[in-house]
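Work through the exercises below with the sequence and the model open. Each task is followed by a worked solution.

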Number of protein chains: 2
Amino acid sequence: MNTVYSINEVSMTFDLRSDLREITSEYDEKKIFLIFEANTWTHCWPLIKDFRPVPESNILILEPGEENKSIQQVIAAWDGLGKAGADRSSLVINIGGGMLTDLGGFAASTFKRGVAFINIPTTVLAMVDASTGGKTGVNFRGLKNEIGVIRQPKHVFLYLPFLRTLDRHNLLSGYAEMLKAGLIADQELWNRLKIFNLDGYDEKEFGRLIWRCVEIKKEIVTADPEEHGIRKALNFGHTIGHAIESESLRSGDPLAHGYAVAYGMIAEAALSSNLLGLTAGAVSEICQTITHLYGNPPAIIKDQEIMLGWMKFDKKNRDNHIIFTLLEEIGKNRVNLEAGEEEIRKVLVNVSL
Amino acid sequence: MNTVYSINEVSMTFDLRSDLREITSEYDEKKIFLIFEANTWTHCWPLIKDFRPVPESNILILEPGEENKSIQQVIAAWDGLGKAGADRSSLVINIGGGMLTDLGGFAASTFKRGVAFINIPTTVLAMVDASTGGKTGVNFRGLKNEIGVIRQPKHVFLYLPFLRTLDRHNLLSGYAEMLKAGLIADQELWNRLKIFNLDGYDEKEFGRLIWRCVEIKKEIVTADPEEHGIRKALNFGHTIGHAIESESLRSGDPLAHGYAVAYGMIAEAALSSNLLGLTAGAVSEICQTITHLYGNPPAIIKDQEIMLGWMKFDKKNRDNHIIFTLLEEIGKNRVNLEAGEEEIRKVLVNVSL
């Protein structure tokens, strides 16, 4: 393999085409199925096209976009796999952003009670977050990832050249999860991320930073794959972030996941200060870094009733209490913290000023 | 617990109501969700109704019948769970035949990426087969159990009084899987089943026979939960049986699963004789026992092209070869046997004479 870095089944490669040829060598090409979204079909497939002569009928192209992360599109994927003759010994390769790897992973995990799949994330967000860890799923009744299973991919390949066609908005959406990795687990990473220049970035340094985030996630997920305890560290920024994201989706003006998490982190840093004594200096550093990159939080965050309504629906809750992962300091988190409605209202007001 | 027999998470009880009260004691009653089919709602719910004061809005009643073992009905179940406020710490209790425990198990395993579930099978078939072993799922594109996951229930309760309202046709459908258990693994069990009288049966002896079948299944499934090897023993009669069942469903005159498997076992006993030298005496004993109970195989089995067409779609296949589990002798099976089309045609012709 042409590996730059690797841990277990995840590797960063400088020659994806030949690595794919190698890892699929045990499969007849008729048994290999590729799932793309329209964008990755256009931009990524040409770069790896001739890795194996996979029949064209084995290629499925799905609709992109968070609004298409639906059970209807899973049904379309099952249908496509069935009609093209996939069986339990087949291999599914998901090539796309987090929507696609989540949805394709769920389709593969449930088709004939589970076929093997490889994830090839093509966005920063999918590289550092969605494609590893085994969470698969789709949105349902307007709730994010409401339906899914936890199942580990056979392999995950990170290939930096896929990021070259992404615009700044897309890069930033993934960068928020990178900032989160630093905040929950590694102050030095946070310090490097704060000063990294995303415009005309250095691909080698970006690769190193991305890889450090993957290491952090892998470590946490390996210790707690089913999210009983420490895996919840990854939820920092996500309780309020998911509420922002859900409401923006409902209102017809969907915010990218990373932006919602970024604003969620501003609010949850404030909550960390109130509940765990995170210093004012740290709160201000987090707030400034994020606001500089993402601008000010959207107006919807001001509607406390709506925000609280979404938070009460969160999968992370138990027994109707709203549960947070917060920061004790930069690089150190605490999970399973309950906050009262008054505490939450207070930070929502402050953040939206 | 009021246990007659138990292995791991499966138990046969003589007081289901109080056992349910005990096993759910760690859950608030608002967190307990019950899924019935219309029949079990009418006949079984009254017998256990007051085990806990579960809110009425936590009870879902699904449409019965193999034709409703569909992803649409899974969506209805997800919707019902979501609207009633189920969360990841909830408990789902599935009460019904194999259709219901398979479907309810799949809905629970995928709702919020998996909530715990208990199966309470109410038919012989579900007791000896569907409710244990962790296979969940629904039919799709006319194919049996095409979509699903493997996930173990938290507990399975067998309660013989639920069988008292079943008619002979329903009892026989489950009895076929019991005969199969004897054929693949226990000649003495087969001998007892051959002479057991299903009309006005002795409930204690029936309980012992059912329990022996559960033991056989548990032993096999524990050794190979993901069906890589010896679990395939359970597929005896099912390769041809599934083809019969699928075609009968398509033709609008659906045959009960057990009947299809019973006829499948007649055909696969003949195949066992041709490929593994199962004695003519054993073939005749199997054929007579099954024909005596189930009558002659249906005419559709004569259409070799249609039968072969369905077999080629079977989940159990690899690389387009049709795979069988066959008998070396009564009580002894061999898995992963490939039969050529000519061999299969030959036994289809003979069986349908």
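**Exercise 1. Describe the fold of chain A in numbers.**

Chain A holds 14 helices and 11 strands; helices (H or I, at least four residues) and strands (E, at least two) are DSSP runs, numbered from the N terminus. This is a predicted model, in which local features need pLDDT of at least 70 and side-chain atom pairs count only at pLDDT 80 or more, while totals for chains, interfaces and linings use all residues. Residues are numbered from 1 along each chain as its sequence is written, and chains are lettered from A and ligands numbered from 1 in the order in which they are written.

Next, take the overall size. The C-alpha atoms of chain A fill a box of roughly 60 × 40 × 35 Å along the principal axes. A compact globule of 353 residues would have a radius of gyration near 20 Å, and chain A agrees because its value is 20 Å. That radius is taken over C-alpha atoms, and the globule rule is 2.2 Å times the number of residues to the power 0.38.

Then take burial. In chain A, 51% of the 353 residues count as buried (20 or more other C-beta atoms within 10 Å of the residue's own, with C-beta atoms placed from the backbone).

**Exercise 2. Which elements of chain B supply at least two residues each to the side that touches chain A?**

First, the contact takes 27 residues from chain B and 27 residues from chain A. On the chain B side, the elements are helix H4 (71-83), helix H5 (98-110) and strand E8 (143-147). H4(B) has the largest share, five residues.

**Exercise 3. Is H5(B) mostly covered or mostly exposed?**

Check the length: H5(B) has 13 residues and reaches 18 Å from its first C-alpha to its last, close to the 18 Å expected at 1.5 Å a residue. The expected span is 1.5 Å times one less than the number of residues. For burial, 13 of the 13 residues of H5(B) are buried, and the helix is mostly covered. After H5(B) comes B:Lys112, with a positive phi near 50°.

Conventions: A residue is buried if 20 or more other C-beta atoms lie within 10 Å of its own, exposed if 12 or fewer, and partly exposed in between; C-beta atoms are placed from the backbone. Two residues are in contact if their C-beta atoms, placed from the backbone, lie within 7 Å.
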